[in-house]
Amino acid sequence: MRYKSKDADKLNEENESIIRKRSAKLKRDLEDAVREPSSSSGNVPASPSPGAASLQRNSTSPAQFIGGIIGDEDFDEATINGAMEAIGLDDNEYISARFTAGGGCEVGDLTTRSSIDALKATGYMGQANPTKILMKFEAHENESHAVRWSPVERMVATGGADRKVKLWDIGKNSTEPRAVLSGSSAGINSVDFDSTGAYILGTSNDYGARVWTVMDNRLRHTLTGHSGKVMAAKYVQEPIKVVTGSHDRTLKIWDLRSIACIETKFAGSSCNDLVTTDSLGSTIISGHYDKKIRFWDIRTEKQADDVLMPAKITSLDLSKDCNYLICSVRDDTIKLLDLRKNQVISTFTNEHFKISCDFARASFNSSGLKIACGSADGAIYIWNVNGFLETTLKGHSTAVNAVSWSPNNNMLASVGKNKRCIIYSDS
């Protein structure tokens, strides 16, 4: 028994040594790939094989810039090794899958490529992607413009050209609306909830914005005063105030107690979208037709320096910590800005990705590690913030206008020109 115990100890030591060596080699190669981003930029991207998503890296993108980016250290060694061995990938193939630009990961045949797809889909290369269609239904009588998840329920709100805001109970898999919110006399451009999920904001082409209560579906406030269609609205100092952005080149701040505009900010260019940095709305960020992102400090009434984009801006979205901003741009790119520096730190694009319209909406996921945006080709493109195109989601037959990632799980909602709303899930 003593000799058997010694043999077992020796075998365990050898196994641990092999694992340590494999881990050290993997980390060295990963570090080398991060230090030399230009090494992949010279490769000519190959066409993705059928059924395999292109894992694409932007050569101008920094490898890691957000605290908490998912890497190999987020998965224990046994998990990674088990997954690799289960599908027949060696270390070089795994490294190539994570760091080779374009769809032409040089890892062998179609079977291996499909295996890499399986790794990505199950989360071994990062968070799992919502690749399965959970629900599909016609949300509006004609084109659907807007979609937003409730912050507290498994419910989405949609807005369409039929002048309706509709609430859908995803938790019950119901394809009949939970509520239809009326009051608008023209198409809906955007929808948004307050942080408690008790109120919903809708903006419209009738130059107005409206507030409904979710519990009883009643229209509570109608905000009129703009001279152009209203494209976006957000709560500031909720539930007291709302800010709206319009094509009349102004932003207006409204006091809901008096139902009156208390301040007008003259931007000089049509506003397509806006966000606020916190529940107090201390800073308003707006995206405009003249290619500029504008920053408004409502405490000092001063405007910070603008950030110029290469084309007109269609949407903005903030990470949960409010340190990072994504901006979808009409030149068919998405820009990632570090708001602590007020500068662009990464650009996301793809040869097939085309912004669908002037109000196309992109979205961060709840962790701020992935970015999703619909395209004119009917696909939804999902990038990792490290620069990789992780996958494209199919399901829409026409252009996708807006996407929204659930704040509470890994579900993604999307709407497009074909009336349809599709809910994607990772399970």
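Setting aside neighbours within four places in sequence, T213 is in contact with A198, Y199, R218 and R220 (contact means heavy atoms within 4.5 Å). This is a predicted model, where local features need pLDDT of at least 70, side-chain atom pairs count only at pLDDT 80 or more, and totals for chains, interfaces and linings use all residues. Residues are numbered from 1 along each chain as its sequence is written, and side-chain values use heavy atoms, leaving out hydrogens and water.

**Around T213**
- T213 sits in strand β9 (residues 208–213); strands here are DSSP E runs of at least two residues, numbered from the N terminus.
- T213 counts as buried, at 10% relative accessibility (buried is under 20% relative accessible area, exposed over 50%, partly exposed in between, with a 1.4 Å probe and protein chains only).
- The T213 side chain makes polar contacts with the side chains of D216 (2.3 Å) and R220 (3.1 Å); such a contact is a pair of N or O atoms within 3.5 Å, and within protein one must be able to donate a hydrogen and the other to accept it, while residues adjacent in sequence count only if both atoms are side-chain atoms.

**Around N173**
- N173 lies in the loop between β5 (165–169) and β6 (179–181), and is partly exposed at 47%.
- Beyond four places in sequence, N173 touches L134 and M135; the C-alpha atoms of N173 and M135 are 6.9 Å apart.

**Nonpolar cores**
- The largest nonpolar core has 22 residues, with I371 and W383 among those with the most contacts inside it (a core is a set of buried Ala, Val, Leu, Ile, Met, Phe, Trp, Tyr and Cys residues joined through side-chain atoms within 4.5 Å).
- Another core, apart from this one, has 15 residues, including F295 and C327.

Conventions:
Helices (H or I, at least four residues) and strands (E, at least two) are DSSP runs, numbered from the N terminus.
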